Amino acid sequence: MGTGVAELTVRRRHASARATAKRKRDLACADVQLADLFSGRDLPPGEDAILERVLAGKQDDRLRTVGWKSPSDLRPTLDRVLMEELALPKDDIEKALSIALGGKEQSGFAYFSPGPQIAKCEEWQILTPHRNQSSGSLDLNRHIKTCFRSGILRFARSSNEGPPYYFKYRMIAPRGSEQITYGDKVICVRNHDHSSYEFATKTKDRGYIANGEIGVVVGDAFKGKSRPEWTNVQFASQPDLTYGFSGGYFSEEGSPILELAYAVTVHKAQGSEFGKVILVLPERSRLLSREMLYTALTRQMDRIVILHQGGLEHLRAYRSPFFSEVARRVTNLFTAPRMIEAMSPPGLIAGPVGRTFLEENLIHRSARGDLVSSKSELVVADVLFEAEKNFGIRYFFERAVIGGDGETRWPDFSIEDRDGQTWYWEHCGMLGQEEYEERWQRKLAFYDKNGVKRWSPSTPGGRLIVTEDGKEKDLDSPAIREMVAKLWGK
(Lines give C-alpha, C1' and ligand atoms only; values in the text may rest on other atoms or scores of the structure.)
Protein backbone atom coordinates (compact mmCIF):
# COMPACT_ATOMS: atom_id res chain seq x y z
CA MET A 1 0.00 0.00 0.00
CA GLY A 2 1.48 3.35 -1.07
CA THR A 3 2.44 6.23 1.16
CA GLY A 4 -0.50 8.43 2.09
CA VAL A 5 -3.06 5.73 1.26
CA ALA A 6 -5.25 4.33 4.05
CA GLU A 7 -7.60 1.38 4.07
CA LEU A 8 -10.83 1.55 6.09
CA THR A 9 -11.09 -1.65 8.14
CA VAL A 10 -13.24 -0.55 11.11
CA ARG A 11 -16.77 0.72 10.44
CA ARG A 12 -17.81 3.81 12.35
CA ARG A 13 -21.19 4.74 10.82
CA HIS A 14 -23.09 2.53 13.24
CA ALA A 15 -21.35 3.99 16.28
CA SER A 16 -24.25 6.38 16.76
CA ALA A 17 -23.90 9.72 18.50
CA ARG A 18 -26.53 8.39 20.88
CA ALA A 19 -24.58 5.23 21.62
CA THR A 20 -23.90 4.42 25.25
CA ALA A 21 -21.71 2.00 27.10
CA LYS A 22 -24.70 -0.33 27.45
CA ARG A 23 -25.27 -0.56 23.69
CA LYS A 24 -23.77 -3.40 21.69
CA ARG A 25 -20.62 -2.91 19.68
CA ASP A 26 -21.08 -2.39 15.96
CA LEU A 27 -20.25 -5.93 14.85
CA ALA A 28 -22.76 -7.38 17.32
CA CYS A 29 -25.68 -5.29 16.01
CA ALA A 30 -28.31 -7.17 14.03
CA ASP A 31 -28.42 -4.62 11.19
CA VAL A 32 -24.63 -4.74 10.75
CA GLN A 33 -24.64 -8.54 10.76
CA LEU A 34 -27.37 -8.60 8.10
CA ALA A 35 -25.52 -6.09 5.90
CA ASP A 36 -22.30 -8.13 6.17
CA LEU A 37 -24.00 -11.05 4.44
CA PHE A 38 -23.99 -8.96 1.26
CA SER A 39 -20.55 -7.40 1.67
CA GLY A 40 -18.71 -9.96 -0.46
CA ARG A 41 -16.24 -10.48 2.38
CA ASP A 42 -15.16 -13.85 3.69
CA LEU A 43 -17.61 -14.50 6.54
CA PRO A 44 -17.10 -16.99 9.36
CA PRO A 45 -19.55 -19.71 10.40
CA GLY A 46 -22.27 -18.31 12.60
CA GLU A 47 -23.18 -15.40 10.33
CA ASP A 48 -26.15 -17.38 9.03
CA ALA A 49 -27.75 -16.96 12.47
CA ILE A 50 -28.86 -13.43 11.57
CA LEU A 51 -30.53 -14.68 8.38
CA GLU A 52 -32.37 -17.38 10.31
CA ARG A 53 -33.43 -14.74 12.80
CA VAL A 54 -34.73 -12.40 10.09
CA LEU A 55 -36.62 -15.19 8.34
CA ALA A 56 -38.20 -16.08 11.68
CA GLY A 57 -39.45 -12.49 12.01
CA LYS A 58 -37.47 -11.65 15.13
CA GLN A 59 -37.04 -7.90 15.83
CA ASP A 60 -34.85 -5.72 18.02
CA ASP A 61 -34.04 -2.05 18.56
CA ARG A 62 -31.76 -1.96 15.47
CA LEU A 63 -33.65 -4.09 12.96
CA ARG A 64 -37.33 -4.49 12.09
CA THR A 65 -39.01 -6.23 9.16
CA VAL A 66 -42.56 -5.61 7.91
CA GLY A 67 -44.20 -7.45 5.01
CA TRP A 68 -46.49 -6.15 2.25
CA LYS A 69 -48.19 -7.91 -0.65
CA SER A 70 -49.14 -5.51 -3.45
CA PRO A 71 -48.56 -1.85 -4.38
CA SER A 72 -51.98 -1.00 -2.96
CA ASP A 73 -50.94 -2.71 0.28
CA LEU A 74 -47.57 -0.94 0.38
CA ARG A 75 -49.02 2.51 0.89
CA PRO A 76 -51.03 1.87 4.08
CA THR A 77 -48.14 -0.27 5.37
CA LEU A 78 -45.71 2.59 4.79
CA ASP A 79 -48.10 5.05 6.45
CA ARG A 80 -48.40 2.84 9.52
CA VAL A 81 -44.65 2.31 9.80
CA LEU A 82 -43.93 6.04 9.40
CA MET A 83 -46.40 6.91 12.13
CA GLU A 84 -44.96 4.26 14.45
CA GLU A 85 -41.28 4.96 13.78
CA LEU A 86 -41.60 8.76 13.92
CA ALA A 87 -44.23 8.71 16.69
CA LEU A 88 -46.71 10.75 14.62
CA PRO A 89 -50.11 11.27 16.30
CA LYS A 90 -53.12 10.32 14.19
CA ASP A 91 -54.95 13.56 14.93
CA ASP A 92 -52.20 15.89 13.64
CA ILE A 93 -49.77 13.93 11.47
CA GLU A 94 -49.07 16.84 9.13
CA LYS A 95 -47.69 19.14 11.81
CA ALA A 96 -45.89 16.25 13.50
CA LEU A 97 -44.15 15.28 10.24
CA SER A 98 -43.12 18.93 9.75
CA ILE A 99 -41.52 18.91 13.20
CA ALA A 100 -39.79 15.62 12.32
CA LEU A 101 -38.29 17.48 9.35
CA GLY A 102 -36.93 20.32 11.49
CA GLY A 103 -39.94 22.61 11.72
CA LYS A 104 -40.51 24.67 14.90
CA GLU A 105 -43.91 24.65 16.52
CA GLN A 106 -45.39 28.05 17.26
CA SER A 107 -49.03 28.90 18.04
CA GLY A 108 -50.15 25.48 16.82
CA PHE A 109 -48.28 25.66 13.51
CA ALA A 110 -44.89 24.41 12.27
CA TYR A 111 -42.54 27.03 10.82
CA PHE A 112 -39.37 26.38 8.85
CA SER A 113 -36.83 29.05 9.69
CA PRO A 114 -33.14 28.66 8.81
CA GLY A 115 -31.16 27.13 11.66
CA PRO A 116 -29.38 24.03 12.94
CA GLN A 117 -32.67 22.22 13.58
CA ILE A 118 -32.93 21.47 9.84
CA ALA A 119 -30.39 18.67 10.41
CA LYS A 120 -33.40 16.69 11.66
CA CYS A 121 -34.39 16.07 8.05
CA GLU A 122 -31.60 13.47 7.88
CA GLU A 123 -32.66 11.67 11.04
CA TRP A 124 -34.93 9.47 8.90
CA GLN A 125 -35.09 8.47 5.27
CA ILE A 126 -37.14 6.20 3.00
CA LEU A 127 -35.00 4.27 0.49
CA THR A 128 -36.04 2.18 -2.52
CA PRO A 129 -34.13 0.50 -5.37
CA HIS A 130 -36.38 2.09 -8.00
CA ARG A 131 -37.35 5.49 -9.25
CA ASN A 132 -40.23 4.85 -11.64
CA GLN A 133 -42.02 1.69 -10.50
CA SER A 134 -45.02 1.56 -8.16
CA SER A 135 -42.60 1.07 -5.26
CA GLY A 136 -40.20 3.70 -6.61
CA SER A 137 -39.23 7.07 -5.19
CA LEU A 138 -41.42 9.14 -7.53
CA ASP A 139 -44.60 7.33 -6.55
CA LEU A 140 -43.72 7.15 -2.85
CA ASN A 141 -42.95 10.89 -2.75
CA ARG A 142 -46.26 11.61 -4.43
CA HIS A 143 -47.99 9.46 -1.83
CA ILE A 144 -46.27 11.16 1.13
CA LYS A 145 -47.13 14.54 -0.34
CA THR A 146 -50.79 13.57 -0.70
CA CYS A 147 -51.26 11.89 2.68
CA PHE A 148 -48.94 13.87 4.97
CA ARG A 149 -48.56 17.27 3.29
CA SER A 150 -51.89 17.96 1.58
CA GLY A 151 -52.90 20.79 3.94
CA ILE A 152 -49.70 22.77 3.35
CA LEU A 153 -49.96 22.15 -0.40
CA ARG A 154 -53.53 23.52 -0.49
CA PHE A 155 -52.54 26.57 1.57
CA ALA A 156 -49.49 27.26 -0.61
CA ARG A 157 -51.75 27.32 -3.65
CA SER A 158 -54.50 29.43 -2.10
CA SER A 159 -52.04 31.93 -0.59
CA ASN A 160 -50.95 32.89 -4.10
CA GLU A 161 -54.46 33.24 -5.52
CA GLY A 162 -56.33 36.49 -5.93
CA PRO A 163 -55.05 40.02 -6.62
CA PRO A 164 -51.49 40.69 -5.42
CA TYR A 165 -52.60 43.67 -3.36
CA TYR A 166 -54.48 41.44 -0.90
CA PHE A 167 -52.78 41.58 2.49
CA LYS A 168 -52.71 37.99 3.73
CA TYR A 169 -50.45 35.22 4.90
CA ARG A 170 -48.40 33.88 1.99
CA MET A 171 -45.83 31.15 1.27
CA ILE A 172 -43.92 30.12 -1.82
CA ALA A 173 -46.15 28.72 -4.58
CA PRO A 174 -45.79 25.00 -5.39
CA ARG A 175 -43.29 24.55 -8.22
CA GLY A 176 -42.41 21.89 -10.75
CA SER A 177 -44.09 18.59 -11.51
CA GLU A 178 -43.66 17.51 -7.88
CA GLN A 179 -45.23 20.73 -6.54
CA ILE A 180 -42.30 21.53 -4.24
CA THR A 181 -43.21 24.14 -1.64
CA TYR A 182 -42.65 25.37 1.91
CA GLY A 183 -41.44 22.66 4.33
CA ASP A 184 -40.81 20.02 1.68
CA LYS A 185 -37.83 17.71 2.01
CA VAL A 186 -35.74 17.97 -1.18
CA ILE A 187 -32.58 16.60 -2.73
CA CYS A 188 -30.18 18.32 -5.14
CA VAL A 189 -29.63 16.14 -8.20
CA ARG A 190 -26.81 18.07 -9.88
CA ASN A 191 -23.36 19.27 -8.82
CA HIS A 192 -23.26 23.02 -9.37
CA ASP A 193 -22.23 26.45 -8.07
CA HIS A 194 -25.09 28.53 -6.73
CA SER A 195 -25.70 31.87 -5.06
CA SER A 196 -25.78 31.40 -1.28
CA TYR A 197 -26.95 33.50 1.65
CA GLU A 198 -25.41 33.29 5.13
CA PHE A 199 -28.37 34.20 7.31
CA ALA A 200 -26.37 34.84 10.51
CA THR A 201 -24.27 37.61 8.92
CA LYS A 202 -26.79 38.47 6.17
CA THR A 203 -24.13 38.20 3.48
CA LYS A 204 -24.36 36.81 -0.03
CA ASP A 205 -21.70 34.69 -1.69
CA ARG A 206 -21.19 31.89 -4.19
CA GLY A 207 -21.55 28.41 -2.76
CA TYR A 208 -21.46 24.85 -4.05
CA ILE A 209 -24.21 22.22 -3.84
CA ALA A 210 -23.31 18.61 -4.50
CA ASN A 211 -25.48 15.96 -6.07
CA GLY A 212 -27.22 14.06 -3.25
CA GLU A 213 -27.35 16.84 -0.64
CA ILE A 214 -30.66 16.81 1.24
CA GLY A 215 -32.43 19.79 2.74
CA VAL A 216 -35.76 21.52 3.42
CA VAL A 217 -37.56 24.46 1.81
CA VAL A 218 -37.42 27.23 4.43
CA GLY A 219 -37.86 30.99 4.72
CA ASP A 220 -40.53 32.81 2.76
CA ALA A 221 -43.78 32.48 4.68
CA PHE A 222 -45.16 35.86 5.79
CA LYS A 223 -48.07 38.27 5.85
CA GLY A 224 -47.98 40.77 2.99
CA LYS A 225 -49.20 41.83 -0.42
CA SER A 226 -46.35 40.53 -2.58
CA ARG A 227 -45.97 36.93 -3.57
CA PRO A 228 -42.77 35.12 -2.56
CA GLU A 229 -40.39 34.72 -5.49
CA TRP A 230 -37.70 32.37 -4.22
CA THR A 231 -37.78 28.74 -3.15
CA ASN A 232 -35.18 28.96 -0.38
CA VAL A 233 -33.54 25.70 0.63
CA GLN A 234 -31.29 24.96 3.58
CA PHE A 235 -29.24 21.78 3.17
CA ALA A 236 -28.39 19.71 6.23
CA SER A 237 -24.73 19.57 5.22
CA GLN A 238 -24.49 23.38 5.07
CA PRO A 239 -26.26 24.59 8.23
CA ASP A 240 -25.17 28.23 7.94
CA LEU A 241 -26.42 28.87 4.40
CA THR A 242 -29.59 29.00 2.35
CA TYR A 243 -29.83 28.79 -1.42
CA GLY A 244 -32.55 30.52 -3.41
CA PHE A 245 -34.11 28.95 -6.53
CA SER A 246 -36.27 30.95 -8.93
CA GLY A 247 -39.19 29.51 -10.86
CA GLY A 248 -36.98 28.82 -13.88
CA TYR A 249 -35.23 26.02 -12.02
CA PHE A 250 -38.52 24.09 -11.87
CA SER A 251 -39.40 24.23 -15.55
CA GLU A 252 -40.98 20.94 -16.63
CA GLU A 253 -39.30 21.27 -20.01
CA GLY A 254 -35.79 20.91 -18.62
CA SER A 255 -34.08 18.64 -16.13
CA PRO A 256 -34.99 19.71 -12.56
CA ILE A 257 -32.26 20.61 -10.13
CA LEU A 258 -34.33 19.74 -7.03
CA GLU A 259 -36.57 16.75 -6.35
CA LEU A 260 -38.70 15.65 -3.43
CA ALA A 261 -36.68 13.52 -1.01
CA TYR A 262 -39.06 11.88 1.45
CA ALA A 263 -38.06 8.79 -0.53
CA VAL A 264 -34.89 8.54 -2.61
CA THR A 265 -33.26 5.73 -4.53
CA VAL A 266 -30.47 3.69 -2.97
CA HIS A 267 -28.24 4.92 -5.78
CA LYS A 268 -28.76 8.57 -4.78
CA ALA A 269 -28.16 7.69 -1.12
CA GLN A 270 -24.64 6.36 -1.73
CA GLY A 271 -22.24 8.12 0.61
CA SER A 272 -25.08 9.45 2.80
CA GLU A 273 -26.01 8.43 6.32
CA PHE A 274 -29.26 8.78 8.23
CA GLY A 275 -30.36 8.11 11.77
CA LYS A 276 -33.14 5.73 10.73
CA VAL A 277 -33.82 4.11 7.35
CA ILE A 278 -37.07 2.66 6.04
CA LEU A 279 -36.07 0.41 3.14
CA VAL A 280 -38.74 -0.63 0.61
CA LEU A 281 -37.83 -3.95 -1.05
CA PRO A 282 -39.96 -5.26 -3.92
CA GLU A 283 -40.11 -9.02 -4.41
CA ARG A 284 -38.60 -8.90 -7.89
CA SER A 285 -36.28 -6.27 -9.24
CA ARG A 286 -33.76 -6.28 -12.07
CA LEU A 287 -31.92 -3.47 -10.32
CA LEU A 288 -31.22 -5.38 -7.11
CA SER A 289 -27.69 -6.66 -6.70
CA ARG A 290 -25.49 -7.73 -3.83
CA GLU A 291 -23.77 -4.34 -3.81
CA MET A 292 -27.05 -2.42 -3.85
CA LEU A 293 -28.37 -4.42 -0.90
CA TYR A 294 -25.17 -3.80 1.04
CA THR A 295 -25.40 -0.06 0.32
CA ALA A 296 -29.06 0.04 1.32
CA LEU A 297 -28.45 -1.86 4.55
CA THR A 298 -25.57 0.37 5.68
CA ARG A 299 -27.06 3.88 5.36
CA GLN A 300 -28.47 3.96 8.92
CA MET A 301 -26.70 4.88 12.13
CA ASP A 302 -29.36 3.70 14.59
CA ARG A 303 -32.09 1.56 13.05
CA ILE A 304 -33.40 0.08 9.81
CA VAL A 305 -36.94 -1.03 8.99
CA ILE A 306 -37.22 -3.31 5.96
CA LEU A 307 -40.59 -3.21 4.18
CA HIS A 308 -40.42 -6.38 2.09
CA GLN A 309 -42.87 -7.63 -0.49
CA GLY A 310 -43.73 -11.26 0.18
CA GLY A 311 -41.29 -13.33 2.23
CA LEU A 312 -37.61 -12.67 2.81
CA GLU A 313 -36.37 -16.09 1.72
CA HIS A 314 -35.23 -14.70 -1.64
CA LEU A 315 -32.79 -12.38 0.15
CA ARG A 316 -30.47 -15.28 0.84
CA ALA A 317 -29.86 -15.75 -2.88
CA TYR A 318 -28.32 -12.28 -3.12
CA ARG A 319 -25.40 -13.41 -0.96
CA SER A 320 -24.13 -15.28 -4.01
CA PRO A 321 -21.46 -13.73 -6.24
CA PHE A 322 -23.88 -14.47 -9.09
CA PHE A 323 -25.84 -11.38 -8.00
CA SER A 324 -22.74 -9.19 -7.72
CA GLU A 325 -22.51 -6.39 -10.29
CA VAL A 326 -18.76 -6.16 -9.69
CA ALA A 327 -18.22 -9.88 -10.00
CA ARG A 328 -20.23 -10.07 -13.20
CA ARG A 329 -17.73 -7.75 -14.81
CA VAL A 330 -14.55 -9.32 -13.39
CA THR A 331 -14.68 -13.07 -12.75
CA ASN A 332 -11.88 -14.95 -11.01
CA LEU A 333 -10.86 -17.31 -13.78
CA PHE A 334 -7.90 -19.62 -13.61
CA THR A 335 -5.16 -20.44 -16.04
CA ALA A 336 -4.79 -24.07 -17.11
CA PRO A 337 -3.59 -26.02 -14.03
CA ARG A 338 -0.24 -27.77 -13.78
CA MET A 339 -0.52 -31.22 -12.20
CA ILE A 340 2.03 -32.22 -9.54
CA GLU A 341 1.45 -35.85 -8.61
CA ALA A 342 3.87 -35.84 -5.67
CA MET A 343 1.70 -33.35 -3.77
CA SER A 344 -1.45 -35.50 -3.85
CA PRO A 345 -2.32 -38.30 -1.44
CA PRO A 346 -2.78 -41.76 -2.98
CA GLY A 347 -6.15 -42.17 -4.67
CA LEU A 348 -6.77 -38.47 -5.25
CA ILE A 349 -6.24 -36.70 -8.51
CA ALA A 350 -3.56 -34.06 -8.34
CA GLY A 351 -4.59 -30.58 -7.35
CA PRO A 352 -4.13 -27.55 -9.57
CA VAL A 353 -1.40 -25.17 -8.52
CA GLY A 354 -0.23 -21.79 -9.68
CA ARG A 355 -3.69 -20.19 -9.48
CA THR A 356 -3.85 -16.41 -9.51
CA PHE A 357 -6.44 -14.98 -7.13
CA LEU A 358 -7.92 -11.54 -7.59
CA GLU A 359 -9.04 -9.24 -4.79
CA GLU A 360 -11.95 -10.03 -2.47
CA ASN A 361 -15.51 -9.22 -3.62
CA LEU A 362 -14.95 -11.09 -6.90
CA ILE A 363 -16.32 -14.45 -7.93
CA HIS A 364 -14.27 -17.52 -7.03
CA ARG A 365 -15.44 -20.33 -9.29
CA SER A 366 -14.62 -23.85 -8.18
CA ALA A 367 -13.56 -26.64 -10.54
CA ARG A 368 -17.15 -27.95 -10.43
CA GLY A 369 -18.56 -24.52 -11.22
CA ASP A 370 -19.76 -23.50 -7.74
CA LEU A 371 -19.56 -19.76 -7.03
CA VAL A 372 -18.00 -19.37 -3.60
CA SER A 373 -17.15 -16.20 -1.70
CA SER A 374 -13.65 -16.92 -0.38
CA LYS A 375 -10.37 -18.50 -1.37
CA SER A 376 -10.57 -20.92 1.55
CA GLU A 377 -14.00 -22.16 0.48
CA LEU A 378 -12.59 -22.58 -3.02
CA VAL A 379 -9.83 -24.88 -1.75
CA VAL A 380 -12.33 -27.01 0.19
CA ALA A 381 -14.77 -27.12 -2.74
CA ASP A 382 -12.07 -28.33 -5.14
CA VAL A 383 -10.89 -31.02 -2.74
CA LEU A 384 -14.48 -32.23 -2.30
CA PHE A 385 -14.98 -32.22 -6.07
CA GLU A 386 -11.97 -34.44 -6.48
CA ALA A 387 -13.32 -36.76 -3.77
CA GLU A 388 -16.73 -36.74 -5.44
CA LYS A 389 -15.21 -38.13 -8.62
CA ASN A 390 -12.85 -40.58 -6.92
CA PHE A 391 -14.63 -41.73 -3.76
CA GLY A 392 -18.30 -41.56 -4.73
CA ILE A 393 -19.37 -38.89 -2.21
CA ARG A 394 -21.74 -36.01 -2.99
CA TYR A 395 -21.27 -32.51 -1.67
CA PHE A 396 -23.52 -29.44 -1.52
CA PHE A 397 -22.59 -25.82 -0.98
CA GLU A 398 -24.67 -23.92 1.64
CA ARG A 399 -27.59 -26.34 1.66
CA ALA A 400 -30.14 -25.52 4.37
CA VAL A 401 -30.28 -27.71 7.48
CA ILE A 402 -33.41 -27.57 9.62
CA GLY A 403 -33.03 -28.51 13.26
CA GLY A 404 -35.49 -30.38 15.42
CA ASP A 405 -37.01 -27.15 16.72
CA GLY A 406 -37.36 -25.63 13.25
CA GLU A 407 -34.21 -23.48 13.42
CA THR A 408 -32.49 -23.26 10.03
CA ARG A 409 -28.75 -23.00 9.42
CA TRP A 410 -26.61 -23.13 6.28
CA PRO A 411 -23.36 -25.13 6.63
CA ASP A 412 -20.54 -24.16 4.30
CA PHE A 413 -20.66 -27.69 2.87
CA SER A 414 -22.83 -30.78 3.37
CA ILE A 415 -21.43 -34.15 2.32
CA GLU A 416 -23.28 -37.43 1.73
CA ASP A 417 -20.94 -40.44 1.84
CA ARG A 418 -21.40 -43.83 0.18
CA ASP A 419 -23.03 -45.25 3.34
CA GLY A 420 -25.76 -42.60 3.29
CA GLN A 421 -24.38 -40.64 6.23
CA THR A 422 -24.48 -36.83 6.14
CA TRP A 423 -21.44 -34.83 7.17
CA TYR A 424 -21.10 -31.08 7.63
CA TRP A 425 -18.04 -28.94 6.94
CA GLU A 426 -17.51 -25.46 8.38
CA HIS A 427 -14.52 -23.26 7.65
CA CYS A 428 -13.52 -20.64 10.23
CA GLY A 429 -11.33 -17.78 9.12
CA MET A 430 -12.06 -14.94 11.57
CA LEU A 431 -12.22 -16.49 15.02
CA GLY A 432 -9.89 -13.89 16.51
CA GLN A 433 -12.78 -11.41 16.82
CA GLU A 434 -14.93 -11.67 19.91
CA GLU A 435 -18.33 -11.24 18.26
CA TYR A 436 -17.58 -13.81 15.55
CA GLU A 437 -16.33 -16.26 18.15
CA GLU A 438 -19.58 -15.88 20.10
CA ARG A 439 -21.71 -16.54 17.01
CA TRP A 440 -19.57 -19.55 16.09
CA GLN A 441 -20.15 -21.00 19.55
CA ARG A 442 -23.90 -20.59 19.04
CA LYS A 443 -23.66 -22.45 15.75
CA LEU A 444 -21.70 -25.24 17.44
CA ALA A 445 -24.50 -25.38 20.01
CA PHE A 446 -26.99 -25.83 17.14
CA TYR A 447 -25.07 -28.82 15.85
CA ASP A 448 -24.70 -30.29 19.35
CA LYS A 449 -28.41 -29.83 20.07
CA ASN A 450 -29.22 -31.77 16.90
CA GLY A 451 -26.84 -34.64 17.67
CA VAL A 452 -23.98 -33.61 15.38
CA LYS A 453 -20.63 -33.85 17.14
CA ARG A 454 -17.33 -32.43 15.97
CA TRP A 455 -15.09 -34.90 14.17
CA SER A 456 -11.44 -35.44 15.01
CA PRO A 457 -9.12 -38.48 14.90
CA SER A 458 -9.85 -38.97 18.61
CA THR A 459 -13.66 -38.63 18.08
CA PRO A 460 -14.25 -40.61 14.86
CA GLY A 461 -18.00 -40.75 15.47
CA GLY A 462 -18.37 -37.03 14.85
CA ARG A 463 -19.90 -35.73 11.65
CA LEU A 464 -18.86 -32.06 11.81
CA ILE A 465 -15.55 -31.17 10.18
CA VAL A 466 -14.02 -27.81 11.13
CA THR A 467 -11.06 -26.23 9.34
CA GLU A 468 -9.43 -22.93 10.28
CA ASP A 469 -7.10 -20.30 8.93
CA GLY A 470 -6.29 -16.71 9.81
CA LYS A 471 -3.51 -14.14 10.10
CA GLU A 472 -1.21 -16.56 11.89
CA LYS A 473 -2.40 -19.81 10.34
CA ASP A 474 -2.84 -20.56 6.64
CA LEU A 475 -5.12 -23.22 5.23
CA ASP A 476 -3.19 -26.48 4.84
CA SER A 477 -4.43 -27.82 1.50
CA PRO A 478 -2.30 -31.03 1.46
CA ALA A 479 -3.47 -31.87 4.99
CA ILE A 480 -7.09 -31.40 3.92
CA ARG A 481 -6.61 -33.73 0.97
CA GLU A 482 -5.02 -36.33 3.25
CA MET A 483 -7.91 -36.05 5.74
CA VAL A 484 -10.52 -36.44 2.99
CA ALA A 485 -8.74 -39.50 1.61
CA LYS A 486 -8.70 -41.14 5.06
CA LEU A 487 -12.39 -40.37 5.69
CA TRP A 488 -13.94 -41.40 2.38
CA GLY A 489 -11.22 -43.04 0.28
CA LYS A 490 -11.51 -46.47 1.87
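In the hairpin of β25 and β26, five residues lie between the strands, and G420 there adopts a positive phi near 85 degrees. The model is predicted: local features need pLDDT of at least 70, side-chain atom pairs count only at pLDDT 80 or more, and totals for chains, interfaces and linings use all residues. Residues are numbered from 1 along each chain as its sequence is written, and side-chain values use heavy atoms, with hydrogens and water left out. Helices (H or I, at least four residues) and strands (E, at least two) are DSSP runs, numbered from the N terminus.

**Strand pairing**
- Two strands pair if DSSP finds at least two bridges between them.
- β25 (residues 413-416) and β26 (residues 422-428) run antiparallel and are joined by four bridges; E416 stands opposite T422 in β26.
- β25 also pairs with β22 (residues 394-397) in the antiparallel sense, over four bridges, and here F396 stands opposite S414.

**The sheet and its helices**
- The order β22-β25-β26-β27 describes an open sheet of four strands with mixed pairing.
- β22 and β27 (464-468) each have a single partner strand and stand at the edges, so one side of each lacks a neighbour in the sheet.
- From one strand to the next, the twist averages 20 degrees.
- Helix α9 (residues 375-391) packs on the sheet and touches β22, β25 and β26, its direction making about 155 degrees with that of β22.
- Helix α10 (residues 434-449) also packs on the sheet, touching β26 and β27, and its direction makes about 175 degrees with that of β26.
- For these angles, axes are lines fitted to C-alpha atoms, for helices over the stretch in contact (heavy atoms within 4.5 Å); angles run from 0 to 180 degrees between N-to-C directions.

**Nonpolar cores**
- A nonpolar core is a set of buried (under 20% relative accessible area, 1.4 Å probe, protein chains only) Ala, Val, Leu, Ile, Met, Phe, Trp, Tyr and Cys residues joined through side-chain atoms within 4.5 Å.
- The largest such core has 81 residues, and L34, L82, W124, I126, L258, L279 and L307 have the most contacts inside it.
- Strand β15 (residues 274-281) supplies the largest share of this core, six residues.
- Apart from this core lies another, of 21 residues, including V380, I393, A485 and W488.

Definitions and conventions: Buried < 20%, exposed > 50% of the residue type's maximum accessible area, 1.4 Å probe, protein only.
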